[in-house]
Amino acid sequence: MKGIKKSLTEEYLYLDFSHQKEGCIFPLHTSITLFLLSYCDCKIFKVCLVLTGESTGISLLKSVLSEDVEIQIISRQELPPIVQSCCLPAVVERPDNFCRAGLAVVLRHIIQKSYEADPSKKEILELLGFKKTCLKACAEVSQWTRLCELTIPLAIENFLKESSDQPPAIPAEILELEKKLSEPVRVHNDDKLRRQKLKQQKAAGVRPSLSKEETKSKVHRQETSEEVDSSSASLELRVAFSKLTVHEEPAPANREPAHVRKAKASDLPPLDHVFVEGLYFTLADIVLLPCIHHFLVIICKKLSEKLVEFPLLAAWYQRIQEVPRVKTTASQCGIQFLNLPELQTTSNEQQPSLDEVPCVEEQNDPSFIGGPRPTMTKLMEKGIEVMFSPHPCPTWTLDWDTLPAAVSPKEGKMSSDRALRKQQQLNNLVYVVTNQAKPGDRIVDFCSGGGHVGIVLAHMLPSCQVTLIENKELSLIRAKKRSDELGLSNIWFIQANMEYFTGTFNIGVALHACGVATDMVIEQCIKTRASFVTCPCCYGFIQNTSKFNFPKSEQFKKTLSYKEHMILCRFADQTAVQLPPQRRLIGKQCMFLVDLDRARAAEERGYSIQVMSMEPESCSPKNNMIVGVPI
């Protein structure tokens, strides 16, 4: 067929299957993936449903599976070894050494492969959103990815389980989504669209949105809210649906009226949500559709009085049905859309967005004294000082000249100076790992990037299995190309967020894992009782997350507040070579103290830890190395 490309690599898509109930396949990640396959009309994957020990309802599967998708049913024992180390869904390229795991990564890959197979399907690629970043950020650093990929599917699964016994409680995640739909939309051409909306409102005789100073009159907003809503919807809908049809949106007049051109940004009306990420239909809408549909089914059956609490979610649910192919896809996947009544949107006092809510650490702390020196003095008074462990072999180096060219970081397309520094960094990590590793050990290179660490280790330790884990696809593809040139047979490549890797291993390595990624690596290693060698980076990005609170160790918690610890983190990034020597020295001391907190926290969990400097220290401004061995 014209314009259709044949995929050169055979790919297998593995999906969990636990049970099927009322037209829904569990877990919901599987329902979502099958919905996207059907929406993209994608037939290039061999799809395998993987049964859990308690799988039920297999005979009813045909009623909720698209007829176009050929599916094989297998047991977990039949999974390729690389997939057995990952959470599903997962996609594997034969010969089974390159795996993509986790919902967001797999869905983005399905979209890319569907477009590559038929480049005429530009609307499929549009699902990835502006700059192709929809759900690209990992769930640990992006609240939005976490909500779509993890918390809402899991919350709806629990909601559906509870509903079989008693009226369930509304999940907090659904309330959060309803709130998010009420927040103003931010898009890259925000100003231009908001001025068009102001012009439209003026033409319709609607008072424009009020500035912050004028928003005190709640009564006035309630009186005009219905008028504004009916007027404003047309612009957002016109812009949103122009992307979903072949018709281009008509070009606006060359010059806007003076009152529109001169309006302050703070006086421009906000843009309303059409779809969950804003104005445009994206992958996030597809992820949420099966979840919200099954939520609304239970609401209408058992808690119909609660429906009025979700006017924006209900409006989104009705609107998404107008997107081309959505109704057809839903029918193929066993989803029978509900006809919901039109609900009145209430105009409550606007809540501050998550970005505007002051965190506890940002509120006034009368005992806080700013800057790194008071904080460092406070630690010294408790006997916590900067004292690095000695390097075990500061002059050791690989004989880079005798190694194959593809082993060298010079193959990673970097300058000769940078390649030399990278070689020096690798000398440090490789020395520690090769002295710890035993034949048959499994070594994981977390946040592997282009594979500089993992490829050297796989070459130097042929009796060990080395796994590279990286979220960025292009980096991992470059690493695989270098590995193929070397003919390495003891290496795996996994594109996933590291929390989707569930395999056991003996040694974890991470060179310059950014911010809390270093803490995630250490946590993965501690859970498996594996040794670890990490070189942290980007201390300024460290912050409390859903998994980690800082300081981490009991010793530091008793001495420093969160705000004081963040001061250390911010100054720990002040180590660039162009900075004055005294400032760099303070930065290096702050780096050590941040890493000492990490070390103390690991010691509290049964590890022997050393914090040392890589040699030579000039190999990187971020030259700390944390080495941990389980006791």
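Which loop does C538 lie in? I looked it up: C538 is in the loop between β12 and α18. (Helices, H or I with at least four residues, and strands, E with at least two, are DSSP runs numbered from the N terminus.) I checked its backbone too, and phi of C538 is near 50 degrees, a positive value in a residue other than glycine.

**Ground rules.** I noted that this is a predicted model, where local features need pLDDT of at least 70 and side-chain atom pairs count only at pLDDT 80 or more, while totals for chains, interfaces and linings use all residues. Residues are numbered from 1 along each chain as its sequence is written, and side-chain values use heavy atoms, leaving out hydrogens and water.

**Confidence.** pLDDT is the predictor's confidence in each residue, from 0 to 100. For this protein I found a mean of 83, with 78% of residues at 70 or more.

**Overall make-up.** I got 20 helices and 14 strands. Of the 631 residues, 52% count as buried. (Buried means under 20% relative accessible area, exposed over 50%, partly exposed in between, with a 1.4 Å probe and protein chains only.)

**Cores.** Next I looked for nonpolar cores, which are sets of buried Ala, Val, Leu, Ile, Met, Phe, Trp, Tyr and Cys residues joined through side-chain atoms within 4.5 Å. The largest has 78 residues, and F295 and W316 have the most contacts inside it. Helix α10 (residues 283–302) gives the most to this core, with twelve residues. Apart from it lies another core, of 62 residues, including I384 and M566. Back at W316, I left aside neighbours within four places in sequence and found contacts that include L181, F275 and L288.

I found 13 aromatic pairs in the whole structure. (Rings of Phe, Tyr and Trp, its six-membered ring, pair if their centres lie within 6.5 Å; planes under 30 degrees apart count as stacked, over 60 as edge-to-face and the rest as tilted.) Ring pairs link Y39, F275 and F281 into a cluster. R325 lies over the face of Y39, at 4.4 Å from the ring centre. (A charge sits over a ring if NZ of Lys or CZ of Arg is within 6 Å of the ring centre and within 35 degrees of the ring normal.) I spotted R94 over the ring of Y12 as well, its charged end 3.8 Å from the centre.

**Helix α19.** Eight of the eleven residues of α19 (residues 562–572) are buried, so the helix is largely enclosed by the rest of the structure. M566 and L568 are among the buried ones. The cover includes α13 (372–381), α18 (554–557) and α20 (581–603).

Most residues other than glycine have a negative phi, and most peptide bonds are trans. L135 is not a glycine, yet I read a positive phi of about 55 degrees. L135 counts as buried, at 6% relative accessibility. I found a cis peptide bond joining F550 and P551, with omega about -5 degrees. P551 sits in the loop between β12 (531–537) and α18.

How values were computed
Contact means heavy atoms within 4.5 Å.
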